[in-house]
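Please look over the sequence and the model first.

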Amino acid sequence: MEINKKGALSIGLALTAAVLAACGGSNGDTKSTNAEGSNEGKNHASDQTISVGVLNELSTGDTLLVSDIGTNTAMNQYLEGLYRLDEDNQPVPALAEETNISEDGLTYTFKLREDAKWSNGDPVTAHDFVYAWRQAVNPEKAAPYSYMFTSVVNAEEIINGEMKPEELGIEAVDDYELKVELNVPVSYFLGEMAFMPFFPQNQTFVEEMGSNYGTSSDTTLSNGPFILTGWDGTNQAWSYEKNSDYWDAENVALESIDVQVIKEVSTALNLFESGGLDDAILSGEIAKQYVDHEAYVVEPEARTNFLQFNYTDVPMISNEKLREAFSLVLNREELANTILGNGSLPAKALVPHDFVTNPVTGNDFADDAGDFLTYDTEKAKQLYEEAKEELGVDTIELALLADDDETSKLVGQYVQGELQNNFDGLTINLTNVPKNNRIEKGQSGDFDIILGGWGAILPDAINLLDIMNSETTFNNGPYKNEKVDQLLNDAETINANDIEARWKDMLDAQAIMLKEKGFIPLYHTAEVHLRNPKLKGVEVHSVSSRYDYRNAYVEE
């Protein structure tokens, strides 16, 4: 597929983000776990050692192949790039000790700190970035986020097989000076530097591991505050151990973080209450019962969960009346407030409120866009019958694919029930699988309808709207509207310097997609956590990596 994503914005065009602040070698046999996944014999929240629960397994240890936020968040603990995000979602220097930007915004020169090391003792150098970025745009790598590099000189041509990776606009001036040449100025370029696909890789180690690279903690290197241990590629418990060779190790307090995949809310709650977890994720009725608990926190995300359709292999999905009927019959208020009860908000569009504002007018993007998603069962039933008549069928059977964590199961069951209970002759077969499997099935087209979502990695509306572009890797189906593609590309290229024109491009693109129900947004996500009040300094991001334990500590 030819890729034409530009990722281009002008310097000074950065949109102001409203901070969605939070309230508040392998040695796998060294951590003994019971059937519930808890660590036996562990002193709860003591000696700067903690245990946390997560919803999903790790998908990879390769920064270029990561495609889910859970793995991205994990990598943020044991890897480091040129920049990190601070508590306000803004990029701050990490491996980059000094950054110089040319007046035209097309050349970035990074001076790297010389005291950064990989966990095998090798220094982290500019050559590690050159190698990783060339791999990212190499068609043979098939990196899912390769399109994000197309603002770099020659990246698009390399991705399309027209040039060699060595011709990418990145150069190691010397061991500790890195120069990057862009096609167009990109206001959020430094923010991208905090995202995993832009992180360095140690070429010697990667090539030595070969096809095994990133498949376990033994075949993965660390260069961040912690070192990944205890992960064999498939298990549901691993650890982050303090990296004594990290350049800022003296300011890292936590000695160890034990991680457990826990998909049942009751299990997470029991472990928290018994002292087996310092951070547990809740949802549904259980979450609502703990609103007044001292450990209760709600953490909004810049993410929208939606229904995504297979337009390629399921012809009836192309019937707009059928998609609109599906949308109208879903009560998003009930779903968010009653079914989930975890702080998630009902979706009225794709881009949520309180995410990004127009730097000229100060208007919230969601306010300027208006509401597109309503609840009307009578109209839904009428449209459904008209759709069946147009399709020439009396019955419809479709498969709904969702993740296997408890929240996804609740949402999947709700969608299945509302559709089947309101539409005669409709059968929805719900299947729940691990998130990694769901992503694989989505990208291979092995689905009818997917319950999935899209989260921002940068505080910019375009970062959420990109999912609508038919050339974006994660636009499964794919949904394709040439006008939407053009508007989004214009917003990142020819209108990059015109704030009002760019704003209108994005508003218009979203409006077209929502009016024809290309995706069906359901809710803007949030998570309820019970977090040990003694655990302080955890940075929670609404974009990109959800958590950063670099500055966390246990209050004695």
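A residue is called buried under 20% relative accessible area, exposed over 50%, and partly exposed in between (1.4 Å probe, protein chains only). By that count, 60% of the 556 residues of the protein chain are buried. The model is predicted: local features need pLDDT of at least 70, side-chain atom pairs count only at pLDDT 80 or more, and totals for chains, interfaces and linings use all residues. Residues are numbered from 1 along each chain as its sequence is written, and side-chain values use heavy atoms, with hydrogens and water left out.

**Overall form**

The protein chain has 16 helices and 23 strands (DSSP runs, H or I of at least four residues for helices and E of at least two for strands, numbered from the N terminus). Its C-alpha atoms fill a box of roughly 70 × 55 × 45 Å along the principal axes.

**Salt bridges**

A salt bridge is a side-chain nitrogen of Lys or Arg within 4 Å of a carboxyl oxygen of Asp or Glu.

| Pair | N to O distance |
|---|---|
| Asp-62 and Lys-141 | 2.6 Å |
| Glu-285 and Lys-288 | 2.8 Å |
| Glu-301 and Arg-546 | 3.3 Å |

Asp-62 lies in the loop between β2 (49-54) and α1 (69-78), and Lys-141 in the loop between α2 (126-137) and α3 (155-159), so this pair ties together parts that are 79 residues apart in sequence. Asp-62 is buried at 2% relative accessibility, whereas Lys-141 is partly exposed at 22%.

Glu-285 and Lys-288 both belong to helix α7 (residues 284-289), three residues apart, about one turn of the helix. Lys-288 is partly exposed, at 30% relative accessibility.

Glu-301 and Arg-546 form a salt bridge. The pair links distant parts of the chain, 245 residues apart: Glu-301 is in strand β13 (residues 296-309) and Arg-546 in the loop between β21 (539-540) and β22 (547-548). Glu-301 is buried at 11% relative accessibility, and Arg-546 is buried at 4%.

Glu-57, Lys-263 and Asp-404 are linked in a network of salt bridges.

Asp-498 sits in the loop between α15 (482-492) and α16 (499-515). At 39% relative accessibility, Asp-498 is partly exposed. Glu-385 lies in helix α11 (residues 377-391) and is partly exposed at 38% relative accessibility. The C-alpha atoms of Glu-385 and Lys-321, 64 residues apart along the chain, are separated by 9.1 Å.
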